[in-house]
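Thanks for making the time. I will go through one structure, and I will keep to what can be read from the coordinates.

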Amino acid sequence: MIGVVGAGPAGSYMFYLLAKAGFKVALHEQHQVGERVVCGELVPKPCEIEDLIPDKAPLYGAFNLMSSLKVWLCEIKEMEVYLNERFWTSFGFQGYVMDKSLFLKNLVQMGVDEGGKLFERSRFQSLTKHPTLKAKFNDNVENLDFIIAADGYPSSVAKAANLESGYTLNDWALCVNQRMFNVNVNEQAVKIYFSAKVAPGGFAWIIPRGGKCANVGLGGRMKYVKEGFNVLTS
Ligand SMILES: Cc1cc2nc3c(=O)[nH]c(=O)nc-3n(C[C@H](O)[C@H](O)[C@H](O)COP(=O)(O)OP(=O)(O)OC[C@H]3O[C@@H](n4cnc5c(N)ncnc54)[C@H](O)[C@@H]3O)c2cc1C
């Protein structure tokens with residue numbers, strides 16, 4: 001049995017691929033699938049990023065899979081960039097905004113349809129490697145052949161397996177994202193803000209979701225944040 005921990009995009013896709021390939025696989029998610037999504041939900045079309053990725057087949061495969069799941073909320077055609085709260089420039093940008101919660105639910109359901117087992121509200125606790133691999137989820141101990149750490153950052157599974165990345169909080173951006181309703185935004189344009197006041201060492205965004213709804217958020221890096229900065233008032 002292969003245990004996948006975490007039903008984010010990585011774990012859900014791995015769960016589906018392994019189930020489809022005929023492996024015995026179980027997905028453990030601490031919440032319900034798609035229940036707590038913190039994300040701007042912006043997905044670039046492959047043409048925007050293919051130069052960055054040497055092997056294009058998986059990129060197009062993943063994008064076509066997302067398209068087949070019918071989770072696009074609106075199509076993005078433009079990126080507007082603001083510097084220190086003033087409009088600076090805009091350029092063409094091809095992408096979609098997705099309903100990520102629905103995407104994860106649909107993807108996991110495909111894995112279940114292929115014979116994978118889903119355990120929701122099943123939180124990884126600990127790991128023993130010898131004499132055999134055993135993982136504890138809530139109060140249950142499971143025998144496993146492999147375990148896949150798809151539990152995001154910081155990964156409890158990686159830590160339990162002594163595979164920590166060595167990154168500290170200073171290497172990462174701290175982010176917030178709120179869904180806002182009844183907002184007047186151009187539904188084909190994403191707005192990005194670079195400003196030491198609003199998002200120190202990072203950027204802020206307004207990403208339309210269609211129907212007068214938008215994801216509004218910001219990410220900043222701790223070493224650039226001055227005393228008194230308040231992420232919510234920002
Ligand atoms: C504010 C914000 C905005 C973003 N906006 C975008 C965007 O617009 N476009 C984009 O492409 N990317 C965006 N991202 C990045 C994107 O969300 C991540 O890259 C992606 O979610 C990472 O996927 P993952 O599967 O590796 O991990 P995660 O999505 O973090 O999933 C990890 C899963 O593991 C589960 N888990 C954790 N611990 C345990 C445990 N002990 N036991 C069981 N389950 C556990 C969690 O509940 C979670 O479901 C954004 C990120 C943030 C924070």
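In which loop is proline 131 found? Before I answer, please note that this is a predicted model. Proline 131 sits in the loop between strand S7 (124–128) and strand S8 (134–137). I start there for the backbone: the peptide bond from histidine 130 to proline 131 is cis, with omega near 0 degrees.

There is another cis bond to look at, the one that joins tyrosine 153 and proline 154, where omega is about -5 degrees. Proline 154 belongs to the loop between strand S10 (146–149) and helix H5 (156–160).

Tyr153 brings me to the pocket. The largest pocket has a volume of about 1300 Å³. It is lined by 43 residues, and those closest to its centre are Arg36, Val38, Asp151, Gly152 and Tyr153. Which elements give two or more residues to that lining? They are helix H1 (9–20), strand S2 (25–29), helix H4 (100–113), strand S11 (173–181), strand S12 (189–194) and strand S13 (203–210). S11 gives the most, with 4 residues. Sorted by class, the lining has 24 nonpolar, 13 polar and 6 charged residues.

Now the ligand. There are 25 residues around the ligand, and Ala10, Glu29, Gly40, Leu42 and Phe124 come nearest.

For glutamine 30, a polar side-chain atom lies 3.0 Å from an oxygen atom of the ligand. For leucine 42, a polar backbone atom is 2.8 Å from a nitrogen atom of the ligand. As for burial, the ligand taken alone exposes 1000 Å², and the protein buries 66% of that.

Let me go back to glutamate 41 for its backbone. What is its phi? Phi of glutamate 41 is near 70 degrees, a positive value in a residue other than glycine. Glutamate 41 is placed in the loop between S2 and strand S3 (42–44).

Notes:
Residues are numbered from 1 along each chain as its sequence is written. This is a predicted model: local features need pLDDT of at least 70, side-chain atom pairs count only at pLDDT 80 or more; totals for chains, interfaces and linings use all residues. Side-chain values use heavy atoms; hydrogens and water are left out. On a 1 Å grid over the protein atoms alone, a cavity is a set of points where a 1.4 Å probe fits but cannot get out, and a pocket is an open set with protein on both sides within 12 Å along at least five of seven lines; lining residues have an atom within 4 Å of a point. Grid points are joined across faces, edges and corners, and a volume is the space filled by probe spheres set on the points. Ala, Val, Leu, Ile, Met, Phe, Trp, Tyr, Cys and Pro count as nonpolar, Asp, Glu, Lys and Arg as charged, and the others, Gly among them, as polar. A residue is near a molecule or strand if one of its heavy atoms lies within 4 Å of it. A polar contact is a pair of N or O atoms within 3.5 Å; within protein, one must be able to donate a hydrogen and the other to accept it, and residues adjacent in sequence count only if both atoms are side-chain atoms. Accessible areas come from the Shrake-Rupley method with a 1.4 Å probe; for residues, only the protein chains shown count as cover.
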